[in-house]
Amino acid sequence: MRVLVLGATGRVGTEVARRASEAGHEVTAFVRDPARLKLRPAHVAPGDIARQETLVAALSGGIDAVVNAVGADPLKPSTIVTDTARVIAAAMHAGGVRRYVAISGTAQMPKTPLGALSIAILRLTPVGNAIRDHQGAFAIVTASELDWTLAGCPWIKDGPARGYREHATFPGGMKSIVPGDVAAFLVSVLEQPSYSRRIVGIWP
Ligand SMILES: NC(=O)c1ccc[n+]([C@@H]2O[C@H](COP(=O)([O-])OP(=O)(O)OC[C@H]3O[C@@H](n4cnc5c(N)ncnc54)[C@H](OP(=O)(O)O)[C@@H]3O)[C@@H](O)[C@H]2O)c1
């Protein structure tokens, strides 16, 4: 597949670009500053989410799927996740590209009562902003006509890939996953129709 990776200089995005290339996909990295890339993908599309025309240009070269790993410090107020969902959904619609794979949070997943309580408490902390930001993106993506799959990620901490399991429901409690495992999931579902229009929790 010809895959456009948004956020290809980030922790997860770097791993997505690497693993997608290794899996035989033709990767285009959409980045603000190509000098920040830690590896050389097949193609580089310089751009910024804040300039929709750069996304439209990146999609115009012939893209089959988009993996979105754009984000910001979850402890600081930001709307980057919602903003990115809005502009990429519009650009993909205009460009006729449907397959969309992205990161979401456990707050967007079906939850057990304990899971719901955990999220309600988290909403009262500085992480509450990131939850609201992902909720905005979730609303945009799930209302779109995109062929989407979302990874329901808990805390993403640095470390070597260690493997993960897929979960339908968030049960609460502290969970974490490493960037390599998030990327492995995002790349693995690219060509899997059974994951269409689903959010899947991933943690060990
Ligand atoms: N941290 C967690 O525990 C956690 C938990 C659940 C979900 N998530 C989500 O996981 C995703 C990826 O996390 P991460 O830790 O890999 O993020 P990260 O390392 O901070 O990387 C973020 C990426 O987004 C890019 N970006 C930011 N603003 C941009 C813009 N205006 N235009 C184009 N690119 C832009 C950055 O590019 P530059 O290099 O140019 O800055 C970078 O490549 C985020 O959506 C985050 O909300 C995180």
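User: Which residues in H2 meet Val87, Ile88, Ala90, Ala91, Met92, Ala94 and Gly95 in H3?

Analyst: This is a predicted model. Helix H2 covers residues 52-59, and its axis comes within 9 Å of the H3 axis. On the H2 side of this contact are Gln52, Leu55, Val56 and Leu59.

User: How are H2 and H3 oriented to each other, oblique or roughly parallel?

Analyst: The axes of H2 and H3 cross at roughly 40°. Angles under 35 degrees would count as roughly parallel. The crossing is right-handed. H2 is therefore oblique to H3.

User: At what angle do H1 and H6 pack?

Analyst: Two packed helices are described by the angle between their axes and the distance between the axes. Helix H1 spans residues 11-22 and helix H6 spans residues 179-188, with axes 8 Å apart. H1 passes H6 in a right-handed crossing, and the two are oblique to each other. The packing angle is about 50°.

User: How many charged residues does the contact of H1 with H6 have?

Analyst: H1 contributes Arg11, Val12, Glu15, Val16, Arg19 and Ala20, which meet H6 residues including Pro179, Gly180 and Val182. By class, the contact has 9 nonpolar residues and 1 polar residue, and the number of charged residues is 3.

User: Which residues in H6 are in contact with Val16, leaving aside its neighbours within four places in sequence?

Analyst: Val16 belongs to H1 and is part of the H1 contact with H6.

User: Is Gly10 buried or exposed?

Analyst: Gly10 lies in the loop between strand S1 (2-6) and H1. Leaving aside neighbours within four places in sequence, Gly10 is in contact with Ala69 and Gly71. Because Gly10 has 20 C-beta neighbours inside 10 Å, it counts as buried.

User: What is the phi of Arg197?

Analyst: Most residues other than glycine have a negative phi. Arg197 lies in the loop between H6 and strand S10 (198-203) and is exposed, with 12 other C-beta atoms within 10 Å. Although Arg197 is not a glycine, its phi is positive, at about 55°.

Technical notes: Residues are numbered from 1 along each chain as its sequence is written. This is a predicted model: local features need pLDDT of at least 70, side-chain atom pairs count only at pLDDT 80 or more; totals for chains, interfaces and linings use all residues. Axes are lines fitted to C-alpha atoms, for helices over the stretch in contact, and angles run from 0 to 180 degrees between N-to-C directions. Angles under 35 degrees count as roughly parallel, over 145 as roughly antiparallel, 65 to 115 as roughly perpendicular and the rest as oblique. A crossing is left-handed if the near helix is turned anticlockwise from the far one by less than a right angle, and right-handed if clockwise. Two residues are in contact if their C-beta atoms, placed from the backbone, lie within 7 Å. Ala, Val, Leu, Ile, Met, Phe, Trp, Tyr, Cys and Pro count as nonpolar, Asp, Glu, Lys and Arg as charged, and the others, Gly among them, as polar.
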